Amino acid sequence: MTRAFLIVLDSVGIGGAPDAARFFNGTRPDTGANTLAHIAQACATGRANEGRSGPLHLPNLDRLGLGAAVRLASGDEVPGLDAAPQGLWGAASEISAGKDTPSGHWELAGVPVPWDWHYFPDTQPAFPPDLSAAVAKAAGTDGILGDCHASGTEIVARLGAEHLRTGWPICYTSADSVFQIAAHEQAFGLDRLLELCRAVAPMLHNMRVGRVIARPFVGEPGHFTRTGNRRDFAIAPPSPTLCDWVSGAGRKVHAVGKIGDIFSMQGITDVAKGSDADLMEHLSDLLETAEDGSLTFANFVEFDSLYGHRRDVSGYARHLEWADAALGRLMDRLRPGDLMLITADHGNDPTWPGTDHTRERVPVLGAGLGARAVGQVGFTDVAASVAAHLGIASQGPGKSFL
């Protein structure tokens, strides 16, 4: 038997999406956005030197074919990434009508999104009155705070003191199809926050809002900090995904990061959560303990949450270099017959205007099968290829590139 490790570097896009003109940050289309190339260009010209310096240094991912994948996807130059590919490499395009987490992950798992997501208008209030009233009722409060588009850290800093005074939950959204609820872990209660999100999620899902996200924080006015106890309550996939295919064949599916939330635990055997550093340790452990025939499906979210949305080019570059070194050590420990596929779910170009995701192609890099150029593929082809490697039937529209 063989094992598969499918790793999503959240938001590490490589430009070139053929439909980028249909997606926007504010009034500007995503045409020309390229998360990885623009970070590499900033590093090469000394514009990303906070906590690091010099050209972007990703020797392990570039050895697989990362630089070649960027050039294939977009034609853009990626200074410092010019190695001759020694692994499986290509670029994948998405067909789902969204540049969000569920759309990208579901399609990578073989299921394109068959509907249009609901997005809240960038107005204040942003939410319909019946929704706000339902959330307040479920929370046992006389109202909600926020009711707008906002950055999570900004709105907690701005409304955290009022939240402590009134006890009202802080509700906000973004350019994603998402409804987020922030509350203080001690004053409001973590369990109460999670139960609130769980209670209102069906109403949001019926509106085709992709996720309700619990955003707990701690601290005092002027010193609030979000904790690692975030929880996503995602709408269930519309049909069986790669996780279901594998578990249906009697195999184990180990979720690392927010994979369990994204797939509503459908087809998931167990979950490990934590910071990206914690998750890398969990992934390292699974290289030793994962069973023959199993799938380990991992998401590393901090590229997106800490650096992409905050438009922190230096931070994003540092995190890429950290991940490259860590993944390089894991690649060296793969067993004969193992496949490690590394990809992304969308872009989030930190040099781009706004704070939203960017519509981009994503890299498809593989270790364990030797040098192999797979060219331009679809997101669903990733699922079909993992299924083929594990020797199980693919139930989606993708075609294996193995």
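# Close-up views of a predicted model

View 1. With a threshold of 30 Å³ or more, the count of cavities comes to one. The residues that line the largest cavity are L9, V12, L61, L66, L320, I342, P363 and L365, and by class this lining has eight nonpolar residues, with no polar and no charged residues.

**View 2. The largest pocket and the elements around it.** The largest pocket holds about 850 Å³ of space. Its lining is made of 39 residues, of which S174, A175, D176, T355 and D356 are the closest to the centre of the pocket. Two or more lining residues come from each of the helices α6 (152-166) and α11 (302-308), and likewise from each of the strands β2 (24-25), β6 (170-173), β7 (178-184) and β8 (211-220). The element that gives the most to this lining is β8, with three residues. Divided by class, the lining of the largest pocket has 11 nonpolar, 15 polar and 13 charged residues, whereas the lining of the largest cavity has no polar and no charged residues.

**View 3. The packing of helix α10 with helix α12.** Helix α10 (residues 276-289) and helix α12 (residues 313-331) have their axes 11 Å apart and pack at an angle of about 10 degrees. Because angles under 35 degrees count as roughly parallel, α10 and α12 are described as roughly parallel to each other, and their crossing is right-handed. On the α10 side the contact involves D276, A277, M280, L283, S284 and L287, which meet H319, W322, A323, A326, L327 and L330 on the α12 side. These contact residues divide into nine nonpolar, two polar and one charged.

**View 4. The packing of helix α1 with helix α12.** Helix α1 (residues 35-44) also packs with α12, here at an angle of about 105 degrees and with the axes 10 Å apart. Since the range from 65 to 115 degrees counts as roughly perpendicular, α1 and α12 are therefore roughly perpendicular to each other.

**View 5. The packing of helix α4 with helix α13.** Helix α4 (residues 101-108) and helix α13 (residues 379-390) pack with their axes 6 Å apart and at an angle of about 40 degrees, and the two helices are therefore oblique to each other. G104, E107 and L108 of α4 make the contact with F379, T380, V382 and A383 of α13. By class, the contact of α4 with α13 has four nonpolar, two polar and one charged residues.

**View 6. Backbone geometry in two loops.** Most residues other than glycine have a negative phi, and most peptide bonds are trans. The peptide bond from Q124 to P125, however, is cis, with omega near 10 degrees, and P125 is found in the loop between α4 and α5 (129-139). In the loop between α9 (259-262) and β12 (270-272) lies S264, a residue other than glycine whose phi has a positive value, near 50 degrees.

How values were computed: Residues numbered from 1 in each chain as written. Predicted model: local features only at pLDDT ≥ 70, side-chain atom pairs only at ≥ 80, totals over all residues. Heavy atoms only, no water. 1 Å grid on protein atoms, 1.4 Å probe; cavity = no way out; pocket = protein on both sides within 12 Å on 5 of 7 lines; lining within 4 Å. Points joined across faces, edges and corners; volume = space filled by probe spheres on them. Nonpolar A, V, L, I, M, F, W, Y, C, P; charged D, E, K, R; others polar. Axes fitted to C-alpha atoms, helices over the stretch in contact; angles between N-to-C directions. Helix = DSSP H or I, 4+ residues; strand = E, 2+ residues; numbered from the N terminus. Parallel < 35°, antiparallel > 145°, perpendicular 65-115°, else oblique. Left-handed = near helix turned anticlockwise from the far one by under 90°. Contact = heavy atoms within 4.5 Å.
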